[in-house]
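Me: I would like to learn how to read a protein model one feature at a time. Could you walk me through this one?

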Amino acid sequence: MLIKPFIKWVGGKRALLDELLKRLPTDFNHYFEPFVGGGALFFELRKRNMLTGKKIYLFDKNAELINAYQTVQHNPYALILQLQQFQEQHSAHFYTYIRALDRQTNFAQLSPEMRAARFIYLNKTCFNGLYRVNKQGFFNVPIGSYVKPAICDTDLLLNAHHALQNVTLLHTDYSHVLQLAQKNDFIYLDPPYYPLTATANFTAYNQHLFLEAEQKQLFENFKRLDHKHCLLMHSNSDTIFMRELYKIYYTETVKMPRFINSKKDGRGKINEIIIRNYQ
């Protein structure tokens, strides 16, 4: 069974999986991803049957993302039907129409299946799979240059549906993990990365900035979870700020491809860090 993320996600960890997998704790109780995004590590662990018998909690602050997960979990066939219709209608004009749905006053009253289909459709057809909204919270990414985008991958969605059974999905802030995690639970933290430079913008894929103050608050929560004897792994950019912040913990440098630059010569491999409170 092919189990992998059903969406593209800026900052997704599929390219870093080997590095993450070899740094997993040898044993843990339950599993938490408070910044789930595309869920690459979760789906890989599911594929390897490494989460069998464990409680699984996936959080994100992005309401449309979590609605998509919940729809795949509970009602995949209605979602697939809607996506098939979107695939048949796909064009630049149709893209603009679907993108603008969140400007309508009745957007919140759309069915979960319709909102999930919109989210996945935009993810598969927009530029670089980028999720970005303006200050009003409206999605504003232009259409991408795809000849035949895979808008509805039925097998992928049904496999994700099976992988998501018995998973707790929450639209909530990452700090909610403090209320749920206990000793020997494993928590993988993959927040929006701290910018490499003053002009870099790794946080532009949603309206919630995650800069110095937010990274410091995450560090305080990291310490609280450490004091609860949780097992913590955190990936972030390799910067002096992040290294200094987490200097009391185990920090390793890894190479990670970056694909979010609009110019190909601005992509390539960069250093990232993986931080743990265990060896």
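Reply: Gladly! Please keep in mind that this is a predicted model.

Me: Which ring does Tyr 121 pair with, and how are the two planes set?

Reply: For a ring pair, look at the distance between centres and then at the angle between planes. The partner here is Tyr 95: the two ring centres are 6.3 Å apart and the planes meet at 45 degrees, so the pair is tilted. A plane angle under 30 degrees would count as stacked and one over 60 as edge-to-face.

Me: Is Tyr 95 buried or exposed?

Reply: Tyr 95 is buried, with a relative accessible area of 1%.

Me: What does the pair of Tyr 95 and Tyr 121 tie together?

Reply: Here the helices matter. Tyr 95 belongs to helix α5 and Tyr 121 to helix α6, so their pair ties together parts that are 26 residues apart in sequence.

Me: Which residues make up the cluster of linked rings?

Reply: Ring pairs join Phe 86, Phe 94, Tyr 95, Tyr 97 and Tyr 121 into a cluster. In the whole structure there are 25 aromatic pairs. One of them is Phe 94 with Tyr 97, whose centres lie 6.2 Å apart with planes at 40 degrees, so this pair is tilted.

Me: Where do Phe 94 and Tyr 97 lie?

Reply: Both are in helix α5 (residues 92-99), three residues apart, which is about one turn of the helix. Phe 94 is buried at 9% relative accessibility, whereas Tyr 97 is partly exposed at 47%.

Me: Let us turn to the core. Which residues touch the most other members of the largest nonpolar core?

Reply: To read a core, ask who has the most partners and then which elements contribute. The largest nonpolar core has 66 residues, and Phe 6 and Tyr 31 touch the most other members. Helix α6 (residues 112-125) is the element that gives the most to this core, with seven residues.

Me: Why does this core lie between domain 1 and domain 2?

Reply: Domain 1 (16-61 + 172-190 + 219-276) and domain 2 (66-156) both give residues to the core, so it lies between them. The C-alpha centres of domain 1 and domain 2 are 27 Å apart.

Me: What is Phe 6 in contact with, leaving aside neighbours within four places in sequence?

Reply: Its partners beyond those neighbours are Phe 43, Ala 68, Tyr 69, Val 72, Ile 120, Lys 124, Leu 156, Leu 157 and Ala 160. There is also a second, separate core of 24 residues, with Tyr 57, Leu 218, Phe 222 and Met 242 among them.

Me: How many disulfides does the structure have?

Reply: The general idea is that a disulfide is a covalent bond between the sulfur atoms of two cysteines. In this model the count is zero.

Me: Which residue has its charged end over the ring of Phe 28?

Reply: That is Lys 54, whose charged end sits over the ring of Phe 28, 4.5 Å from its centre.

Me: What should I look for in the backbone angles?

Reply: Asn 49 has a positive phi, near 55 degrees. Asn 49 sits in the loop between α2 (40-47) and β2 (56-60) and is exposed, with a relative accessible area of 58%. Asn 128 also has a positive phi, of about 60 degrees, although it is not a glycine.

Me: Where is Asn 128 found?

Reply: Asn 128 is in the loop between α6 and α7 (154-163). At 28% relative accessibility, Asn 128 counts as partly exposed.

Conventions. Residues numbered from 1 in each chain as written. Predicted model: local features only at pLDDT ≥ 70, side-chain atom pairs only at ≥ 80, totals over all residues. Heavy atoms only, no water. Core = buried A, V, L, I, M, F, W, Y, C linked by side-chain atoms within 4.5 Å. Buried < 20%, exposed > 50% of the residue type's maximum accessible area, 1.4 Å probe, protein only. Helix = DSSP H or I, 4+ residues; strand = E, 2+ residues; numbered from the N terminus. Domains from an automatic or database assignment. Contact = heavy atoms within 4.5 Å. Disulfide = S-S within 2.5 Å. Phe/Tyr/Trp six-rings, centres within 6.5 Å; stacked < 30°, edge-to-face > 60°. Lys NZ or Arg CZ within 6 Å of the ring centre and 35° of its normal.
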